[in-house]
Amino acid sequence: MIRVMIADDQELIRDSLKVVLDMNPDMEVTAVVENGKQVLERLRKGQPDVILMDVRMPEMDGVQCTKAVKELYPGVSIIILTTFDDDEYVYNALKYGASGYLLKGVSVQELSAAIRKVVSGGTILNPDVVGKVVKLFSRMAQSNMAAETAPVPADFTRTERKVACLVGRGLSNKEIAEKLFLSEGTVRNNLSAALSKLDLRDRTQLAIWAVQTGLAASSAEELP
C-alpha cells in the first residue's frame with residue numbers, strides 16, 4: 001500500500017485529492033495538512049511514501065518544507081503541485097530534492113501514475129512545464145544566480161554527454177533511446193554512469209546540472 005500525505009492550504013483541493021486517491025486500491029491518504037509546519041509535525045508520528053506538496057502555503061511554503069523534509073527524511077518522495085506562474089518555486093524545490101512536479105488540474109490517472117512512478121524511484125518531468133523551467137534554469141545560470149557547478153567531467157563518454165544533454169531537455173529514456181538510436185537499457189546504463197561520476201542523486205538533479213553547465217543547450221548530435 002502506498003501511503004500518501006497531502007499538503008495544500010486550500011481545503012477543497014485537499015479533500016478532492018484525498019477522495020480520488022483513496023479510490024485507488026493500492027493507495028491510502030494517511031495525512032492531510034495545510035502548511036509546511038504541519039507536514040513536519042505529522043512526519044514525527046510516521047512517514048508516508050509520498051507527499052503531494054503545494055508550493056504556496058502560509059507559515060512554511062513548499063520549497064522550505066521540501067528542503068527540511070529531504071534533510072530529515074530522505075526516503076520520503078515529494079511531488080510538487082504547481083501552476084504555470086510558479087517557475088522559480090519549482091526550480092528551488094527540485095534543487096532541494098523533490099522528485100518532480102505536476103500541474104494542478106492533472107487527471108486522476110496521471111496523478112496516480114506519477115505517485116507510483118516516484119515510489120519506484122522515478123522522477124516526474126512534465127513535458128508541459130519542463131520547457132518553461134529549463135528556460136528559467138538557463139536565465140539563472142546566465143545571470144550567475146544559479147549555484148556554482150563543476151564542469152563536465154573529463155571521463156564522461158560521448159554517449160553519457162548526449163544522454164545528460166537530453167535529460168536536461170526533459171526527454172524520457174524512451175525518447176532519448178529513439179533520438180540516439182540506442183536501446184533503453186543502454187540509455188539507463190549511461191544515465192547511471194553519469195549520475196555516479198557527478199555524485200548526483202537522481203535524474204532531476206542531472207537535468208538541473210545539464211542546464212546550469214550549458215550542456216542542455218548544446219546539440220546532442222554534435223557533442224564531442
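Is Lys67 buried, partly exposed or exposed? Lys67 is partly exposed, its relative accessible area being 34%. For these words, buried means under 20% relative accessible area, exposed means over 50%, and partly exposed is in between, with a 1.4 Å probe and protein chains only.

A word on the source. This is a predicted model, where local features need pLDDT of at least 70 and side-chain atom pairs count only at pLDDT 80 or more, while totals for chains, interfaces and linings use all residues. Residues are numbered from 1 along each chain as its sequence is written, and side-chain values use heavy atoms, with hydrogens and water left out.

Now the pairs. Lys67 makes a salt bridge with Glu71, with 2.9 Å between the closest N and O atoms; the term means a side-chain nitrogen of Lys or Arg within 4 Å of a carboxyl oxygen of Asp or Glu. By this rule there are 9 salt bridges. Both Lys67 and Glu71 sit in helix α3 (residues 62–72), 4 residues apart, about one turn of the helix. Helices (H or I, at least four residues) and strands (E, at least two) are DSSP runs, numbered from the N terminus. Glu71 is exposed, at 55%.

Next, Lys197 and Glu160 meet in a salt bridge at 2.8 Å, N to O. This pair links distant parts of the chain, helix α9 (residues 184–198) and helix α7 (residues 158–167), 37 residues apart. Lys197 is partly exposed at 33%, whereas Glu160 is buried at 5%.

Last, salt bridges link Asp8, Asp54 and Lys104 in a network.
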